Amino acid sequence: MPGSSPRFLEKAQTLAADEVFLDLEDSVAPAAKEEARANVVAALRDGDWTGRTVVVRVNDLTTRWTYRDVIEVVEGAGDRLDCVMLPKVRGASDVAWLDVLLGQIERANGLPEGRIGIEAQIEDARGLVAADEIAASSPRLETLVFGPADFMASIGMRTLVVGEQPPGYGEGDAYHYILMRILMAARAHGLQAIDGPYLQIRDLDGFRRVARRSAALGFDGKWVLHPTQVEAANEVFSPSQEDYDHAELILDAYDYYTTVERRGAVMLGDEMIDEASRKMALVVAAKGRAAGLSRTTEFTP
Ligand code: GLV
Ligand code: MG
């Protein structure tokens, strides 16, 4: 939500999104940056953000705004903030800078040290190439976020439609390597991986198509820019009822056979399941439970 719009900051409090980020970066015009900081602090202080992860995106380190963004927002409303999002991260030292600054502000203001997390946006070739060192850069780091718009611009990808395949490239998915690179760095360091925006806000089919791609690979979520995208994102990133039921069945069956019958590899219908199946089922079951699904089948030995 653009920090320059008090109306949007109000609206954000009503949406069924797991996280809301209040933006000081690219959705805010240069002339409105200072005012946006004040709006964001006021919205964090006075708004009702219950049940959501609350994040502020500051400007990137090549601008003149970043340090004041961090200081004003954290001094003004640090106790209301879960994470700071740093855009256009190019190396571990970018995140280290933010980590140190946050620590100083926390200490000076009596805030618990280390509580505020960091989300790092990977938005250009340097950031992608340094994804591993970025992922290991700070204990505050919680999430790597793919920024497709800036990324496509920075590598010279020949398209104007963010997240869609560039015309002329019929060989596969032009984003596969980028998404996998970010996902591997995130998972290797126990972080969340989040896919960025889809700008054609009236094209929900397009949004779903692009969201399914990162959801299928294992990403934890995707940005939404408009209320209509919220429902579509929740649907795409939740397992189907069938997969959720299946996952819970695998967990129950595996538990029963390994403990009651003391067997490690067993049949569930036509499928052989073992410890690795249990791990796969745990992923799907956890996502289903988080999405509020309930079981429609029970396990019977
Ligand atoms: C998001 O910040 C993007 O550049 O896609
Ligand atoms: Mg960007």
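Where is the place of Arg262? Arg262 sits in the loop between helix H11 (241-259) and strand S8 (266-268). The notes below go through the rest of this predicted model.

1. Arg262 and its backbone. Arg262 has a phi near 55°, a positive value in a residue other than glycine. Most residues other than glycine have a negative phi. Arg262 counts as exposed, because its relative accessibility is 73% and the cut-off for exposed is over 50%.

2. Lys88, another positive phi. Lys88 is not a glycine either, and its phi is positive, at about 50°. Lys88 belongs to the loop between S3 and H4. Is Lys88 buried or exposed? Lys88 is buried, with a relative accessible area of 14%. The cut-off for buried is under 20%.

3. The sheet. Seven strands form an open sheet, and their order is S1-S2-S3-S4-S5-S6-S7. The pairing is parallel. S1 and strand S7 (221-222) are at the edges and have a single partner strand each, so one side of each is left without a neighbour in the sheet. Strands of a sheet pair through backbone hydrogen bonds, either parallel or antiparallel.

4. Strand S1 and its partner. Five bridges link S1 to strand S2 (residues 53-57), and the two pair in the parallel sense. Within this pair, Glu19 stands opposite Thr53 in S2. S1 is mostly covered, as four of its five residues are buried.

5. Strand S4. How many of the six residues of S4 are buried? Six of the six are buried, so S4 is largely enclosed by the rest of the structure. In a regular strand the side chains alternate between the two faces of the sheet. In S4 both faces are covered: Gly117, Glu119 and Gln121 are buried on one side, and Ile118, Ala120 and Ile122 are buried on the other. Strand S3 (residues 83-86) runs parallel to S4 and is joined to S4 by four bridges. Met85 is placed opposite Glu119 in S4.

6. Strands S5 and S6. Strand S5 (residues 141-146) and strand S6 (residues 192-195) run parallel and are joined by three bridges. Thr143 is found opposite Gln192 in S6.

7. The magnesium ion. Which residues are the protein donors of the magnesium ion (ligand 2)? They are Glu123 (OE) and Asp150 (OD), which lie 2.1 Å from the ion. Glu123 is in the loop between strand S4 (117-122) and helix H5 (125-129), while Asp150 is in helix H7 (residues 148-155), so the pair ties together parts that are 27 residues apart in sequence. Glu123 counts as buried, at 4% relative accessibility. Asp150 is partly exposed, with a relative accessible area of 23%.

8. Gly147. The loop between S5 and H7 holds Gly147. At 2% relative accessibility, Gly147 counts as buried. Residues up to four places away in sequence aside, Gly147 touches Gln121, Ile122 and Glu123. Glu123 is also one of the protein donors of the magnesium ion. From Gly147 to Gly221 there are 74 residues in sequence and 13 Å in space, C-alpha to C-alpha.

9. Glu25. Glu25 is located in the loop between strand S1 (19-23) and helix H2 (33-46). Glu25 counts as buried, at 1% relative accessibility. Not counting residues up to four places away in sequence, Glu25 touches Lys33, Arg57, Val58, Asn59, Asp60, Pro87, Lys88 and Gln121.

10. Ser4. Ser4 lies in the segment before helix H1 (6-11). Ser4 is partly exposed, at a relative accessible area of 26%. Apart from neighbours within four places in sequence, Ser4 is in contact with Ser27, Val28, Ala32, Ala36 and Asn39. Ser4 and Glu34 are 30 residues apart along the chain, and their C-alpha atoms are separated by 9.0 Å.

11. Helices H3 and H4. Helix H3 (residues 66-77) and helix H4 (residues 92-108) have axes that come within 10 Å and cross at roughly 35°. The crossing of H3 past H4 is right-handed. On the H3 side the contact is made by Thr66, Tyr67, Val70, Ile71, Val74 and Glu75, and on the H4 side by Trp97, Leu98, Leu101, Leu102 and Ile105. These residues divide into nine nonpolar, one polar and one charged.

Conventions. Residues are numbered from 1 along each chain as its sequence is written. Chains are lettered from A and ligands numbered from 1 in the order in which they are written. This is a predicted model: local features need pLDDT of at least 70, side-chain atom pairs count only at pLDDT 80 or more; totals for chains, interfaces and linings use all residues. Side-chain values use heavy atoms; hydrogens and water are left out. Donors are N, O and S atoms within 2.8 Å of the metal (3.2 Å for Na, K and Ca); water is not among the atoms, so sites may look incomplete. Buried means under 20% relative accessible area, exposed over 50%, partly exposed in between (1.4 Å probe, protein chains only). Axes are lines fitted to C-alpha atoms, for helices over the stretch in contact, and angles run from 0 to 180 degrees between N-to-C directions. A crossing is left-handed if the near helix is turned anticlockwise from the far one by less than a right angle, and right-handed if clockwise. Contact means heavy atoms within 4.5 Å. Ala, Val, Leu, Ile, Met, Phe, Trp, Tyr, Cys and Pro count as nonpolar, Asp, Glu, Lys and Arg as charged, and the others, Gly among them, as polar. Two strands pair if DSSP finds at least two bridges between them.
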